[in-house]
Amino acid sequence: MSLLLQTVKSESDLESANAAASTGYAHGCADTDSKSVQQFQQALSTAFAEPFTLMNVETGAIIHADYDGLSCELSERIGLLAEVARRGRPEIVEDVSPLVMLAIPLPSTKKGPKLVAVGVFPQLQIEHEHQVAAAAQIFGVDASRVLRWILGREIWSPRVLLHLATAIRDSFVQQDEVTRLRSEMNDAIDHACDAYTELGLLHRLTRHLALSENESELWQNALAWLSGSIQSQSLAIVANQAVEDYELTDLFTDDIDGVWIYGESPLEAVVLRELIERIGTPALSQPLILSQEQTSLPTWHCPEVRELVCVPINGGEQPLAWLLAINHRSQAYGTPDEFDSVDLRLLSSVGTILGIHSRNLGLYREQSELFSGLVLSMTSAIDAKDRYTSGHSHRVANLSVALAKQIGLEKKTLDTIYLGGLLHDVGKIGIDDHVLNKPGQLTDEEFEHIKQHSQFGYDILCGIRQLDNILPIVLHHHENWDGNGYPHGLTGTEIPLMARIVAVADAFDAMSGDRPYRKGMPYEKVDTILKNGAGMQWDTRVIDAFFAIREDVQNLYSDTSSQEASQKKVLTVN
Ligand SMILES: [Fe+2]
Ligand SMILES: [Fe+2]
């Protein structure tokens with residue numbers, strides 16, 4: 001039984017104070033939970049066999065009081081108790097025989113309220129009322145009540161009271177510290193797990209950027225991978241239809257109204273698009289997170305959507321599309337049913353990567369188109385300069401690719417050979433027109449001049465990094481297997497294979513086509529020359545490939561549309 005503290009005016013006041021304690025007043029790691037406060041009080045009651053009064057020394061509010069005791073005006077001691085709380089250790093705040101008052105500050109955080117537990121104990125057994133008169137006056141209670149209260153109670157030494165109080169408080173401080181560290185460790189583990197999940201997803205995504213030739217597939221894969229990391233009812237990508245100069249139409253061909261949905265969407269694609277349009281592009285130029293608090297307002301117009309995270313996929317001045325997670329789906333009981341900053345960050349990272357990838361693809365397409373235009377312009381310039389060999393570049397390019405395929409070269413090399421075939425004679429731009437188009441036989445001097453076109457071509461193209469791979473073709477397509485060619489007189493396998501292939505295609509087209517000084521040879525004669533030249537002028541392996549596809553070569557040449565088709569072929573920037 002302890003002293004009744006007059007600061008509590010009524011039972012309702014006490015209930016209010018206790019309610020406040022249960023919602024906010026606490027100590028240590030339990031600022032918003034009174035459980036630890038109750039545990040501390042319980043520990044004191046058990047150890048001292050006396051209930052304690054609990055006071056908030058910042059406000060003077062009594063958090064807990066015992067009615068079944070003596071009355072004492074504790075509010076007069078609030079300054080003293082506040083000092084005890086500041087010093088942070090148990091103290092005897094009144095010592096007037098036969099009573100002693102013990103104050104114990106509860107462990108608290110910097111932000112938490114300052115609570116002090118106060119208990120009154122007898123330190124001497126008494127028999128007469130006059131023995132308690134002085135103490136009763138100091139403690140503000142009636143002497144006869146003190147006498148009744150003290151009879152039969154356990155007698156305490158102030159020193160023992162302090163030791164026991166200090167031990168109990170220290171044990172709670174340590175327990176709080178352990179709880180705090182455990183909480184920090186759990187937070188760190190959660191954070192590490194989130195970071196690991198995010199990194200894993202981003203790694204998978206970025207790895208597929210290089211492998212992905214199909215942007216649509218990459219975007220849809222991103223949705224599928226995200227579904228394993230974000231607990232949502234559904235994920236979606238909604239195209240920004242205001243973006244016209246981007247090939248979004250190619251991305252969304254097989255879906256409704258520019259919307260991809262992954263999972264069970266509570267909304268139809270069309271309604272989802274309407275939702276985005278209603279929120280508005282300006283609001284969606286930045287990541288947006290809508291919580292249940294916002295969607296429960298009467299102004300929210302889409303009750304099927306409880307929570308929403310929306311991030312832009314930026315590909316330029318305005319978003320190409322938006323990436324959405326709709327309605328959080330809790331994994332376990334007790335898990336908050338809301339998206340958090342981890343979900344937002346993950347979606348933003350994926351949106352950023354998809355946006356950058358799209359922008360890079362757009363630039364790559366532009367660069368490829370520019371490059372294709374440049375190559376076709378140079379090809380046209382060659383054909384225009386040498387009027388007798390119009391279409392020669394395209395025919396050589398196509399035949400060279402056919403020969404390389406027959407030999408079994410890989411796709412990337414075929415692309416290089418095609419480009420090399422188109423540009424193998426680009427050096428003719430530097431040859432005098434009257435020599436190039438001379439109707440009669442060339443003099444030795446004129447022939448030496450024409451032979452320079454290999455080196456001229458190399459010099460023209462060697463400054464273009466993307467054409468590095470075709471330089472061996474341009475420079476060496478007139479080398480002979482036996483070393484009698486030009487410009488370097490290379491022999492056998494010294495001559496790059498791609499140049500040996502183009503040499504055969506070049507010879508076939510040159511012999512079968514008209515020349516300024518003669519008409520085109522019949523195919524039979526050309527075939528004979530090629531066969532006889534195998535192992536001397538040309539690589540036998542390439543000549544064998546030529547005759548293996550001889551019929552196809554015929555078709556290639558008879559197909560008048562082949563040149564036209566080849567002009568439309570998209571060239572690859574290496
Ligand atoms: Fe040539
Ligand atoms: Fe040629």
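Colleague: Which residues of α18 do H392, R395, V396, L399, S400, L403 and A404 in α12 meet?

Modeller: Start with the terms. Two residues are in contact if their C-beta atoms, placed from the backbone, lie within 7 Å. Helices (H or I, at least four residues) and strands (E, at least two) are DSSP runs, numbered from the N terminus. On the α18 side, the partners are I501, V502, V504, A505, D506, F508 and D509.

Colleague: How do the residues of that contact of α12 with α18 divide?

Modeller: Ala, Val, Leu, Ile, Met, Phe, Trp, Tyr, Cys and Pro count as nonpolar, Asp, Glu, Lys and Arg as charged, and the others, Gly among them, as polar. Sorted this way, the contact of α12 with α18 holds nine nonpolar, two polar and three charged.

Colleague: What pLDDT do local features need here?

Modeller: Residues are numbered from 1 along each chain as its sequence is written, while chains are lettered from A and ligands numbered from 1 in the order in which they are written. This is a predicted model: totals for chains, interfaces and linings use all residues, side-chain atom pairs count only at pLDDT 80 or more, and local features need pLDDT of at least 70.

Colleague: At what angle do α12 and α18 pack?

Modeller: Two packed helices are described by the angle between their axes and the distance between the axes. Axes are lines fitted to C-alpha atoms, for helices over the stretch in contact, and angles run from 0 to 180 degrees between N-to-C directions. For α12 (residues 392-407) and α18 (residues 497-512), the axes are 8 Å apart and the angle is about 130°.

Colleague: Is that parallel, antiparallel, perpendicular or oblique?

Modeller: Angles under 35 degrees count as roughly parallel, over 145 as roughly antiparallel, 65 to 115 as roughly perpendicular and the rest as oblique. The angle for α12 and α18 is about 130°. The two helices are therefore oblique.

Colleague: Is the crossing of α12 and α18 left-handed or right-handed?

Modeller: A crossing is left-handed if the near helix is turned anticlockwise from the far one by less than a right angle, and right-handed if clockwise. The crossing of α12 and α18 is right-handed.

Colleague: Which residues of α19 make the contact with α18?

Modeller: The axes of α18 and α19 (residues 523-533) come within 10 Å and cross at roughly 145°. This crossing is right-handed. From α18 come A507, F508, M511 and S512; from α19 come Y523, V526, I529 and L530.

Colleague: Back to α12. Why does A402 count as buried?

Modeller: A402 sits in α12. A residue is buried if 20 or more other C-beta atoms lie within 10 Å of its own, exposed if 12 or fewer, and partly exposed in between; C-beta atoms are placed from the backbone. A402 counts as buried because its C-beta neighbours inside 10 Å number 21.

Colleague: How far apart in space are A402 and I549?

Modeller: Beyond its neighbours within four places in sequence, A402 is in contact with I549, D552, V553 and L556. In sequence, A402 and I549 are 147 residues apart. C-alpha to C-alpha, the distance between A402 and I549 is 8.0 Å.
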